[in-house]
Amino acid sequence: MSTDKLKQETAPHRVILVGVGPGDPEYLTVRAVREIAAADVVAGFATVLAVVEQLIIGQGMVLTYSNQEEQLAELARMHTAGKHCVVCCYGDLNFSAQELIARVERHCGKVERVSGISSVQVACARAALAMDETLFFTLHAREGIMEAQKEIVAAALTGKRNLIILPLPWSFMPPQIAAMLLQGGIEGERPIIVYQKLTLLGESQRRTTVQQLAESQDEFSDLSIIVLPHSLDTSRTADEKASNL
Ligand SMILES: C[S@@+](CC[C@H](N)C(=O)[O-])C[C@H]1O[C@@H](n2cnc3c(N)ncnc32)[C@H](O)[C@@H]1O
């Protein structure tokens, strides 16, 4: 696709928010690659920009927690001046990126969203879970995490769906989540998996129990995802289940 065609597709002129996948550049979409290569300015946190640094032809703009307001104000000025501006985020921007989206939109107006491959999709693939049998929760919440905590415990108690939970670095990490589940009445023996650094060098998985994870003193990466498989009996085949109806 030519750059002209790309520009037509993204009209009206908006800042483009691009999901860059879970970290390995092989998980970048072709569309993301094109948007980044065609941009005059590519903004994002340093760890996210590192995923796409080979693709940036224009100017890179590193956001930090302390400079993001002024950097995004500058990005908005460039956007108004007609520059093609892209902001990158990890994974897919439609999952657990609401705060960033709101911040960019406050400065630059409504953004165009270019989906990426989410870390939760990779976690589903690693654990062989159907996404349609899985509920997704993030503790990266803007207004406290109490509501999300209650919802997670309630969903875990029913046991009907697999749960995928993003911890909150560094205040509510995998052991705290397991302790919350125990306190909420989840059995200590229930299997639980922690994936770290999915698709990246050093990727790991830990298959353990809720009790053992709650007692763990280990360090966990900020790139950690918890999978709590559903607790229903899946030992019978679909035919066996149908014959009981
Ligand atoms: C602010 S959220 C953004 C999620 C992203 N929008 C997505 O779709 O993957 C950041 C959290 O995503 C999870 N995450 C992102 N990339 C990951 C990876 N490669 N491995 C494990 N967890 C990851 C971690 O829980 C991390 O703290």
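## Helix α6

In this predicted model, helix α6 covers residues 119–127, and its buried residues are V120, V122, A123, C124 and A127. Buried here means under 20% relative accessible area. An α-helix has 3.6 residues a turn, so residues three or four places apart point the same way.

At the start of α6, S118 places a side-chain oxygen within 3.0 Å of the backbone nitrogen of V120. Just after α6, the phi of A128 is positive, at about 55°.

Strands of a sheet pair through backbone hydrogen bonds, either parallel or antiparallel. An open sheet in this model has 5 strands, in the order β3-β2-β4-β1-β5, with parallel pairing. The edge positions belong to β3 (59–63) and β5 (112–114); each has a single partner strand, so one side of each has no neighbour in the sheet. From one strand to the next, the twist averages 25°.

Strand β2 (residues 41–45) runs parallel to β3 and is joined to β3 by 5 bridges. In one of these strands, β3, Q59 is the bridge partner of V41.

## Helices across the sheet

Helix α4 (residues 68–80) lies across β2, β3 and β4 (85–89), and runs at about 150° to β3.

Helix α5 (residues 98–108) lies across β1 (16–19), β2, β4 and β5. The direction of α5 is at about 165° to β4.

Note on methods: Residues numbered from 1 in each chain as written. Predicted model: local features only at pLDDT ≥ 70, side-chain atom pairs only at ≥ 80, totals over all residues. Heavy atoms only, no water. Buried < 20%, exposed > 50% of the residue type's maximum accessible area, 1.4 Å probe, protein only. Helix = DSSP H or I, 4+ residues; strand = E, 2+ residues; numbered from the N terminus. Polar contact = N/O pair within 3.5 Å; in protein donor to acceptor, adjacent residues only side chain to side chain. Pairing = 2+ DSSP bridges. Axes fitted to C-alpha atoms, helices over the stretch in contact; angles between N-to-C directions. Contact = heavy atoms within 4.5 Å.
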